[in-house]
Amino acid sequence: MSEMNPQEERLLHALIKIGREFISTVDLDELLTRILTASREVFGFENAIIRLLDTERGLLVTAASYGYEPAAADYEISLGEGIMGVVAQTAAPLLVGDLATAAYVQGISDARSELAVPLLVNDRLIGVFNVESPVADAFTTSDIEPLMTLAGLAAVAIENARLYAELRQADEENRSLNQLNQRILESSGLGIYTLDRELRVSSWNRQMEQSSGVKSTEILGQSLLEKFPALHDEGFDQALLHVLRMGTSESLRLAHRNLKGELRFQKRRLSPLYEADETSGVLVIVEDITEFRRLLEQTIQSEKLVDIGRLTAGIAHEVNNPLAVISYAVQLLQRETVIGPESAELLARIAGETERLKVLTGGLTSFTRQADTRLGPVDLNQVIKDVLLLVHYELLNKQIEVTRSLPPLPVLQADANKLKQVFFNLLINAAQVLPRGGRIQVASGIDAGGRVFATIGDNGPGVAAVIREQIFEPFFTTKVAGEGTGLGLYLCRNILIEHHGSLILEESPEGGALFRLCLPLDPPE
């Protein structure tokens with residue numbers, strides 16, 4: 001085996017070094033600098049320049065150089081222009097011993113000779129490697145092959161570095177997009193989750209955690225229908241399968257009982273997820289409309305109550321006029337000296353019943369024309385404690401146990417007397433329906449929306465589902481005739497509406513009824 005000459009040995013070392021750069025360097029600018037440095041050490045070039053092809057514009061643009069003035073390096077060469085332009089156009093090396101006889105684009109000062117070789121990757125041109133000299137015939141044909149070998153390794157390394165940079169940029173863009181999507185999903189007030197074709201949960205946002213009571217770590221990868229078997233009864237499984245089979249969207253509105261046992265009203269929108277033009281899963285968007293539905297029902301109920309109130313006031317006014325005449329006539333007859341015992345008793349009964357009717361109509365009028373609400377600083381817990389003292393005897397008489405959970409609360413702007421009327425009504429109602437030895441739980445706190453709330457629950461018979469929507473209507477009562485007017489809960493809800501709050505009926509954990517009232521800390525003017 002023949003020994004290598006010094007030129008070949010230098011070339012071998014350069015190729016080994018370029019090979020190392022190819023393996024270890026992915027930063028394009030650093031790689032270009034190292035390629036120029038290696039070529040200078042091998043060939044002793046006093047200058048070198050690498051121009052890469054801008055395929056969109058069809059120009060050679062300088063990527064790295066040494067020994068060139070900035071103006072020359074910044075110049076962009078068209079295909080076919082000058083030595084480098086011809087090499088880019090033909091993809092073949094070009095050696096010019098005397099630039100005076102060639103079309104020359106200004107490079108170094110006093111250039112006399114030039115050698116340019118293409119940078120090729122799989123026969124595809126990516127740029128041109130070029131050296132120049134102020135000496136004529138400074139390069140020979142023997143320089144072409146080693147420089148082509150060097151350029152070939154450099155081209156592969158450059159292309160890999162460029163691809164790596166593009167992949168890294170794409171990865172960063174995808175990561176940013178994914179983070180943005182994740183922030184949108186987590187910030188959304190809608191429940192959003194996705195399923196694969198086997199109806200296993202592949203994503204589960206924070207709103208779904210809150211509404212369902214199930215953490216994402218507990219359900220990701222699990223079967224949705226196994227986790228929520230009630231979905232079978234709702235027919236939701238069939239809707240999911242239809243979306244997967246047909247690739248079309250669907251919308252549902254239904255009542256759903258979550259794992260906490262709470263009855264929630266929901267709107268669900270189902271959309272197919274695609275991968276390579278095939279349905280790969282389902283996107284489910286859940287909108288909880290429970291509170292909206294309650295507010296809508298309260299609004300409709302309030303409008304109905306306004307009409308009923310006007311009618312009641314008119315009837316009361318019309319009844320009062322003949323009652324006044326009857327009452328006056330009875331008083332005149334009672335002044336007569338000759339009245340038999342039976343007539344006197346009959347007149348007394350008429351007077352008593354007339355007075356009772358006047359009290360009732362007067363009460364109806366006051367219900368439809370309540371006193372102005374006077375707002376002031378109120379401690380809701382103190383209001384509750386004051387009312388518990390008022391009903392203490394009633395509760396003690398029936399041996400009803402009262403448990404309290406009244407943590408400190410911020411001061412409200414409210415009408416204390418009207419709130420006392422609400423709690424008095426609710427506590428008396430609970431006491432009346434409870435058997436001897438029953439239990440009442442009174443609690444207060446701050447809800448997730450920042451409102452102050454209070455609950456009064458019992459372990460009584462509760463409220464039948466068929467009348468749950470009627471109990472707040474005026475004159476509706478479940479008590480026997482003569483024991484109630486059916487106006488108590490109607491007035492309670494109206495008082496809460498005046499305070500921009502709400503009063504709703506829920507199920508007590510102990511099986512009875514639970515009334516929840518909520519009040520804003522700062523009601524609007």
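The text that follows goes from the sheet to a single residue beside it and then to the aromatic side chains.

This is a predicted model, in which local features need pLDDT of at least 70 and side-chain atom pairs count only at pLDDT 80 or more, while totals for chains, interfaces and linings use all residues. Residues are numbered from 1 along each chain as its sequence is written, and side-chain values use heavy atoms, with hydrogens and water left out.

Six strands form an open, antiparallel sheet in the order β3-β2-β1-β6-β5-β4, where strands are DSSP runs (E) of at least two residues, helices are runs (H or I) of at least four, and both are numbered from the N terminus. Two strands count as paired if DSSP finds at least two bridges between them, and the edge strands, β3 (77-78) and β4 (94-96), each pair on one side only. Between β1 and β6 (residues 124-133), which run antiparallel, there are four bridges, and I49 has N130 in β6 as its bridge partner. Helix α2 lies across β1, β2 (59-66) and β6, at about 65° to β2; such angles run from 0 to 180 degrees between N-to-C directions, with axes fitted as lines to C-alpha atoms, for helices over the stretch in contact.

Which loop holds N47? N47 is found between α2 (28-43) and β1 (48-54), and N47 is buried, with a relative accessible area of 4% (buried means under 20%, exposed over 50%, and partly exposed in between, with a 1.4 Å probe and protein chains only). A polar atom of the N47 side chain lies 2.8 Å from the backbone oxygen of E132. Leaving aside residues up to four places away in sequence, N47 touches Y66, G67, Y68, I108, V131 and E132, contact meaning heavy atoms within 4.5 Å.

A search of the whole structure finds three aromatic pairs, that is, rings of Phe, Tyr and Trp (its six-membered ring) with centres within 6.5 Å, called stacked if the planes are under 30 degrees apart, edge-to-face if over 60 and tilted otherwise. The rings of Y193 and W204 are tilted, because their centres are 5.0 Å apart and their planes at 45°. Both Y193 and W204 are buried. The rings of W204 and F228, with centres 6.1 Å apart and planes at 20°, are therefore stacked. F228 is buried too, with a relative accessible area of 6%, and Y193, W204 and F228 form one aromatic cluster.

Methods. A polar contact is a pair of N or O atoms within 3.5 Å; within protein, one must be able to donate a hydrogen and the other to accept it, and residues adjacent in sequence count only if both atoms are side-chain atoms.
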